[in-house]
Amino acid sequence: MIENTGAIDKDIYRALGLRDEDYRRIIRILGREPSPTELAMFSVEWSEHCGYSRSRSLLKKLPRKGRYRVLIGEDSGGIVMGDSAIVFKMESHNHPSQLEPKQGAATGVGGIIRDIFTAGARPIASLNSLRFGPLSEPYNRYLLKGVVDGIQFYGNCLGVPTVGGEVYFDESYSGNCLVNAMSIGIARKDKLARARAQGAGNSIIYVGSSTGRDGIGGCSVLASQEFGEGDEKRPSVQIGDPFTEKCLIEATLEALSRGGIVGIKDMGAAGLTCSISEMAFDGKAGIDADLDKVPRREEGMEPWEVMMSESQERMLVCVKKGREDEVMRIFHKWDLNAVRIGEVTGEKVVRIRNKGRIVAEIPPDALADAPIFKMSSKRPAGSGRIKRLNARKLPVPEDLNKVFTKLISSPTIASKEWIYRQYDHMVQAKTISLPGSDAAVLRLEGTKKGIAAATDCNGLYCYLDPYRGAQIAVSEAARNIACSGAEPAAVTDCLNFGNPDKEETYWYFENAVKGIADSCRFFGIPVVSGNVSFYNESPKGPVYPTPAIGMIGIIDDTARLCTRGFKNEDDIIILFGETKEELGASEYLKEIHGVVRGPVPEINLEREKRIRTAVLECIKKGYLNSAHDCSEGGLAVAVAESCFGDGRRILGAVIDNLKEKIRLDALLFGESQSRVIASANKIMFNQVRKIAEKEGAPVTVIGRAGGRRLSIFRGQRKVVDVPVKSLYKTWSLSIEKRLERGS
Amino acid sequence: MRFAIVVFPGSNCDRDCHYAANKVLGEKAVFVWHKAKRFPDADCVILPGGFSYGDYLRTGAIARFSPIMKHIVDFAGRGGLVIGICNGFQILLEAGLLPGAMLRNSGLRFICKYVHIKTENASTPFTASCGAGRVLEIPIAHNEGNFYIDGKGLKELEENGQIVFRYCEADGKVTKKANPNGAVSNIAGIVNKRGNVLGMMPHPERASESALGSEDGALIFKSIIDHAGKR
C-alpha cells in the first residue's frame, strides 16, 4: 500500500498545470490523496501535450480512409504499399527551440525519428516546417542559425537525410518560432512493432541513455503553457546526443528483426511515465517497475524526477520471458544500457517502487484517459473586416522589375539554399530529386517506385481565413506532390496554434481542422498521424494559426520523376489553371505595400482536383519536362523558379501570351490557387491539351523557355525584363546576405 | 572480388557503400564490425563515411583506437587496398596511414552538394578507369573536409604523385572558387606513398547511378575491381 502523505498544496498542482477539478478527479480515481510521484505522473500524462484534452474531440473528424490501407500505430501512422509499410509523422518542438534553438531543434528531430523506428521502420528521410520572425531582428537570426545548426547536427550524424521542408518569415512568429519536424520510415509490413506491454511475467527492459534531470516538465510546464517574458524555463529543454540515437536505431532494428520483443516504445514527452503507463494501457495489462534499477546520470534524484525526466535517446522494451539476455546482448553490442527494470503483471495497475517502497500505484486507464474539456469558440471581432481589401487605393507600381527583384528576395520566397546546404540530403543514396523542387523524392530499393514528400502551410492565409487557409495547405501539398509525378497518398499534420482556452484562438483551431478534414476527405487522402501544439504565444500575441501539412505521395515509376526546372531551350511554357484578380493575402501585398489583409485566394476543390489530375497524367505519360506549383509571389515568381531549376543549369524565358484582363500586379504576383507552370516540347502540346480537356482543366501556352533573360509581356508591352543569372543571384543569396550583414 | 566494409558505431554510409559495391557493381561485399576478432578475406577494405563514435572529439580521433584498426594497418602493410571515404579519410589521417590533418570547413558550416573533382593521378589502383585529368561530378557532405598539410608535406605529396583528386570547376580548372572547404591546394583525395591507401572527401557511393545524379563514382569502384581482377 502506498503511504498517505497528506493533501498536496494547490500551488504545487497548479504549477504542474493541473486544475482544481483535475485534482479532485485524481482523488476520486485513487480513493485517496496522490503521492508526489503520482501527482507528477498525472500532471504529465494529462498535460495538453500528451493528453490532447482540448483537441481530441475535433481530431476525430479527420478522415482515415484512402487508396492505400491505413496504419494507425501508437506513436505514428502510415500506409501499406505492397509488402512495405511507410510510416511517418510530424511533430512540433517550438517552445524548446525558442529558448535554446540548437538543442531544441536537435531533440525535435531526435524525438520524431524515435517515433518512426520504434514502430520497426528504418527512418529514410526527414523534412521540416519552420517559421521565424523577420530576419531584421537579431534574435530571429540567432534562432534561424541555431535551429538549422541543431537539425544538421542531429540529422547528419544519424545518417537520415533531411530532404525537404519549408520556411516562412513573419512578424507573428517573433517571440515564438515554429519548428516542426517530420520523419518518414519504411518497414516490411509484417515486421512492424507495437508499443504494448503484454503477457504477465514478461520483462520490462530500459535501453539507451541514462536518466538525468534534463527536460523535467518539458511537456507540461514548457509545451502546455504560454511564454512569459523571461527564459527561466530553459532547464526544461533537453540535450540531444545523436550518436547514441544512431546506435539505438541500429540496435532496435536489429533486435526487432530477431524476435523476442513484445512491444517497444520511445521515452519522449513525459519520459518513463508515458512509456510505462501507455504500454500498459495499450496492452491492457499492468507493469511493476523498480526505479532503483533505472540507469542514472545524476545522484540523489527523487522518484518523481525520474518519472518525469525527458532525457533523450531512451526506450522501453517489453521482452518475452526467457529471451531477455538475447535482446540485451544486442543493445550491449552497441554499447547501450539495457537493464531489466520490471515486469508485466496481470492486474491493471502501474506500480512504481523506489528504495523498497511503493511510490505510485495507478490504473493505467486513468493516466491514459486524460479528461476531455468542453471547449468554446468565438469568431474574433474584426475577422470579417481584415478579409476586405480596397485594391483601388493601392497603386500599381511603375517599375515592375524593381518590385519583382524585391519580392523574389523576400526571405519567404528566396531560395532556402543557405539552409539545405547544411543538411546531408543524400545519405542513404535514395534521394533522386535534389532540394529545389516542389517535393522531395526518394526511391525504394528493389522497386521502380518512389516516395514523394512535401510540407505546406501559409499561416497568413489561415490567419485571414482558417477554413480556406487549411484547405489551401492541403491542396498545395497535394499539388506539390503531383508536380513531382506522384499520386498524393496520405497526410500527417502538425497543428500550431495559440492558447486554446481563449475562445477566439479555439475558433481558428476549429475551422482549420474542419478545413483539413473536408479537403482531405474530398481528395480521398487520409490523415494517418499528427500532433497538436497549442500555447504558441508570446507577450505580443499568438502566432498565425499554422496547421502544417506533411504529405507523402507514391510514384509508380521513378523514371517518370518530374522536377520544377525548365530543361530545354525552346520548350513551350504551359499554364494549367487560371489567373484571377486576387491580390488579397499575397506576399506581394505584404512585402511591397506593407498590407496584411484581404480575401484569401479562392479554392475550389473540384477544380483543384481536375487540374492536379491533368498535370499528373501528363507527367506520367512523359509529356512534360517540368512542373511547378504557382504559390507565394504568383506567376512571375513561379516562372523564375522554373528558370533557376536546381541551380545547376539556368535558363531564361519569354512569357508573351497573358490574356487576362486584370490588374497588372495581380496578373504577375497574385496568388490564385490551382495553377501549375509546366514546360514541354512543343510537339507534345496537342497531347497535353487532350488530357486537360478530358479532365476539364484550363490550359494555355504562355511562352517559351530559353535565352538569358526573363521577359514578361502584356500585349506588346514588356512589363518585366531581367537578366536571369543576376535574378538567380539575388534569389539564391538573399537569406545568406541578411544573416551576414544582420538586417 | 570482395569488399569488406568496416562498421564503427556511428558509421552511416556503410549500407550505401554496400549497395554500390554489391547491387550496382555486382561484387561481393561484407560488413565487418569494429570489434570483429577475425578479419575477413577481402581485396579492398572500405572505411565508410559517418560520425564514428559521434565525432564529438576531433573527427576520427576515437575510431583510430578501435580494435579493427590494428587489422587494417596490417592489411595495408601487406599491400591490400584501403579506401577511406569522408569520415573514413579522417580516420586514415588520425591513424597515420595517410599524411596531413583535417580542419573544419573554412566556412564553418556543414556542406552537402555536388562538386567537381579532377583526377590528378590516374595510375593508382583507384583511378585507372577514370583517365588522367578526367573531371568527376561527385557530392561532398562534411563539416571537416579542410585538408591541411605543411609546405614540406605538400611538396612531398606533389613529388610522389600522391594527390589523386583536386576540387575544380566543371571544365577542370583548379580555382579558389571551386574549393568548397579551404583544403590546401584544393586537395579532395590523396594516396599513401605506396599507392594502396586512398582517402577522399567526396562520396563515390552516392554517385554511382544516373538516378542519383551522376555515375562518375562508379569509375572509382570499377578501377578497384579491375585492379583486383588483375592480381
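How are H18(A) and H21(A) oriented relative to each other: roughly parallel or roughly antiparallel? Point 2 takes this up.

1. **Basis.** This is a predicted model, where local features need pLDDT of at least 70 and side-chain atom pairs count only at pLDDT 80 or more, while totals for chains, interfaces and linings use all residues. Residues are numbered from 1 along each chain as its sequence is written, and chains are lettered from A and ligands numbered from 1 in the order in which they are written.

2. **Helix pair.** Helix H18 (residues 466-483) and helix H21 (residues 605-620) of chain A have axes that come within 9 Å and cross at roughly 10 degrees. Axes are lines fitted to C-alpha atoms, for helices over the stretch in contact, and angles run from 0 to 180 degrees between N-to-C directions. H18(A) and H21(A) are therefore roughly parallel to each other (angles under 35 degrees count as such). Helices are DSSP runs of H or I, at least four residues, and strands are runs of E, at least two, numbered from the N terminus.

3. **Who meets whom.** Residues of H18(A), including Gln471(A) and Arg479(A), meet residues of H21(A), including Glu608(A) and Arg612(A). Contact requires C-beta atoms, placed from the backbone, to lie within 7 Å. The residues of this contact divide into six nonpolar, two polar and three charged. Ala, Val, Leu, Ile, Met, Phe, Trp, Tyr, Cys and Pro count as nonpolar; Asp, Glu, Lys and Arg as charged; the others, Gly among them, as polar.

4. **Sheet.** Six strands of chain A form an open, mixed sheet in the order S1-S2-S3-S6-S4-S5. Strands pair if DSSP finds at least two bridges between them. Strand S1 (69-72) and strand S5 (162-169) of chain A stand at the edges with a single partner strand each, so one side of each has no neighbour in the sheet. The twist averages 20 degrees from one strand to the next.

5. S1(A) and strand S2 (residues 77-81) of chain A run antiparallel, joined by four bridges. Arg69(A) has Val80(A) in S2(A) as its bridge partner.

6. **Helices on the sheet.** Helix H7 (residues 101-117) of chain A packs on the sheet, and its direction makes about 25 degrees with that of S6(A). H8(A) lies across S4, S5 and S6 of chain A, at about 180 degrees to S4(A).

7. **Chain contact.** 24 residues of chain A are in contact with 23 residues of chain B. On the side of chain A, helix H8 (138-158) and helix H10 (242-258) are the elements that give two or more residues. That side has 12 nonpolar, seven polar and five charged residues.

Methods:
Angles under 35 degrees count as roughly parallel, over 145 as roughly antiparallel, 65 to 115 as roughly perpendicular and the rest as oblique. Two residues are in contact if their C-beta atoms, placed from the backbone, lie within 7 Å.
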